[in-house]
Amino acid sequence: ILLIFFLYKKREGNLVAYVFFVLFLFSLAYVNLWYGLYFMEIYEVWNVPIILISFPYEYLIGTGFYFYIKSQWKESPPFYRKEFYLFIPALAFGLLELYWSIISIQAGDTSLYRELEASGFYTVNEVVRFTFYIVLCILAMRFLSKVKGNHKLTAKEERNIEWLTLLSRV
């Protein structure tokens, strides 16, 4: 999160790329914070169970990274309208988590989440999310190889493409 604030002061040039990079970084920071609190057995923050704080970080990590890569090259075509459908899983999961949070708050407990875990929902969600990440990585690598093949690049741009390709594979 500190890196986001540092980058805010340094932001220059491509504002769209900056916004998507911040989305990617914030989602990563959120997942690390959430798991850090969970493994330190801190289950509440200001008397609010952390499980009730809904943010669809699972799906925004990959989407933010994909759009960050796409926004790197101004010469390439802008985002296609159909690419914004990649935000639908995050929106759907975020609304679902918000609904569950509201139900849990009204019931006064978090037993709904234990029931969801016992039903295998989270396992299925992990498989769907992993598949979504693979699709996004393939799309990102295809885009990067297209840029590399269709543009005359400087040495710095070529290093950036190599780095982003390597990061997409991870």
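A salt bridge here is a side-chain nitrogen of Lys or Arg within 4 Å of a carboxyl oxygen of Asp or Glu. These legends describe a predicted model, in which local features need pLDDT of at least 70 and side-chain atom pairs count only at pLDDT 80 or more, while totals for chains, interfaces and linings use all residues. Residues are numbered from 1 along each chain as its sequence is written, and side-chain values use heavy atoms, with hydrogens and water left out.

**View 1. Glu-162 and Lys-148 form a salt bridge.** The closest N and O atoms of this pair are 2.3 Å apart. Glu-162 sits in helix H7 (residues 155–169) and Lys-148 in helix H6, so the pair ties together parts that are 14 residues apart in sequence. Helices (H or I, at least four residues) are DSSP runs numbered from the N terminus, as are strands (E, at least two). Glu-162 is partly exposed at 39% relative accessibility, and Lys-148 is partly exposed at 38%. For these labels, buried means under 20% relative accessible area, exposed means over 50%, and partly exposed lies in between (1.4 Å probe, protein chains only).

**View 2. Two further salt bridges involve Glu-126 with Arg-129 and Glu-83 with Lys-70.** By the rule above, the count comes to three salt bridges. Side chains of opposite charge can pair when their charged atoms come close. Glu-126 and Arg-129 meet at 2.2 Å, N to O; both lie in helix H6, three residues apart, about one turn of the helix. Glu-126 is partly exposed, at 38% relative accessible area, whereas Arg-129 counts as buried at 15%. For Glu-83 and Lys-70, the closest N and O atoms are 3.1 Å apart. This pair links distant parts of the chain, with Glu-83 in the loop between H3 and H4 and Lys-70 in helix H3, 13 residues apart. Both Glu-83 and Lys-70 are buried.

**View 3. Helix H4 (residues 88–107) has a buried set of residues and exposed ones on its other side.** H4 has 20 residues and reaches 28 Å from its first C-alpha to its last, close to the 28 Å expected at 1.5 Å a residue (1.5 Å times one less than the number of residues). Ala-90, Phe-93, Gly-94, Glu-97, Trp-100, Ser-101 and Ser-104 are buried. They cover an arc of only 130 degrees around the axis, which puts them on the same side of H4; the arc is taken from the directions from the helix axis to the C-beta atoms. On the other side, Leu-91, Leu-95 and Gln-106 are exposed. The buried residues of H4 pack against helices H3 (57–70), H5 (111–119) and H6 (121–150), where contact means heavy atoms within 4.5 Å. Just after H4, Gly-108 takes a positive phi of about 85 degrees.

**View 4. Ile-69, Trp-73 and Leu-144 touch the most other members of the largest nonpolar core.** A nonpolar core is a set of buried Ala, Val, Leu, Ile, Met, Phe, Trp, Tyr and Cys residues joined through side-chain atoms within 4.5 Å. This largest core has 30 residues. Helix H2 (15–39), H3, H4, H6 and H7 are the elements that give two or more residues to this core, and the largest share, nine residues, comes from H3. In H3, 14 of the 14 residues are buried, so H3 is largely enclosed by the rest of the structure. Leaving aside residues up to four places away in sequence, Trp-73 touches Phe-143, Leu-144, Val-147, Leu-153, Glu-157, Ile-161 and Leu-164.
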